[in-house]
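Have a look at the structure first.

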Amino acid sequence: MTDPFLTELLDLALEAARRAGALLRDGRPADLGVAATKSSPIDVVTEMDIGAEKLITGFLSDRRPADGFLGEEGASAEGTSGVRWVIDPLDGTVNYLYGLPTWAVSIAAERDGERVVGVVEAPMRRETFHAVLGSGAHLNGEPLRCRPAAPLDQALVSTGFNYVTEVRTHQAEVARRLIPRLRDIRRGGSAAIDLCDVAAGRLDGYFERGLHPWDLAAGDLIAREAGALTGGRPGLPADGDLTVAATPGVFEPLQTLLEELGAWHD
């Protein structure tokens, strides 16, 4: 990569994600999952989530004060530079609460509305994924490529479920009807990591309904730069209705099947 501007954005995203990941890893109480009251573990996770976002936005604002922000925990600023940071300070909150390792910090940079940098930091897996538009995807500095195309019936696909019971019930029905058409389904609990695992060749595909921009911004770029295809409903980009990422050869039949099964509505 020779563009110094994109190099600057990448370096800032990497450092911000590293710092936030260390805060979340080192600041998590050892007994978080067995706290004495029902509300206290959730309160602690919320505090950690907000603290990580403030760390990220503060770090980036100090270095690029004219940039905008969009964050899960409420960070919102228009900015005047044409650059906007899209931040999920803790993707995989329930995993974090229970002490499971599949959680991450996700930071993407957009320039004039186009995603140009993505970083996903997974501290408990000791993995840092990053991508720059047009320059490929990397894991811990090593280039990434998605898996070779496989027939749909041999594809390992991940998904996620909403926490609203009625919505989750429909999503479970979609998964039930989908399972006989695939090798198997996984449920990792972090959209950002699922997208990166498609990039790393650990999954053939991933789909989910109900994602927000901060859930998918960095991971979508990383998956695409690793050679995967991404989108939403047929002909549309990935969005809250549906996000699909898969290897070439799996993407189109998976997307078509999800459309037939109504995966895009509750």
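**Cysteines and a sheet**

Searching the whole structure turns up 0 disulfides, where a disulfide is a pair of cysteine sulfur atoms within 2.5 Å. Keep in mind that this is a predicted model: local features need pLDDT of at least 70, side-chain atom pairs count only at pLDDT 80 or more, and totals for chains, interfaces and linings use all residues. Residues are numbered from 1 along each chain as its sequence is written, and side-chain values use heavy atoms, with hydrogens and water left out.

**The cysteines**

- Cys146 counts as buried because its relative accessibility is 13%; buried means under 20% relative accessible area, exposed over 50% and partly exposed in between, using a 1.4 Å probe and protein chains only.
- Cys196 is buried too, with 0% relative accessibility.

**The sheet**

- Here 5 strands make an open sheet with mixed pairing, in the order β10-β9-β11-β13-β12.
- Strands are DSSP runs (E, at least two residues), numbered from the N terminus, and two of them pair if DSSP finds at least two bridges between them.
- At the edges sit β10 (184-186) and β12 (229-231), each pairing on one side only.
- From one strand to the next, the twist averages 15°, with axes being lines fitted to C-alpha atoms and angles running from 0 to 180 degrees between N-to-C directions.

**Zooming in on β9 and β10**

- Strand β9 (residues 156-159) runs parallel to β10, and 3 bridges join them.
- Val157 has Ile185 in β10 as its bridge partner.

How values were computed: Helix = DSSP H or I, 4+ residues; strand = E, 2+ residues; numbered from the N terminus.
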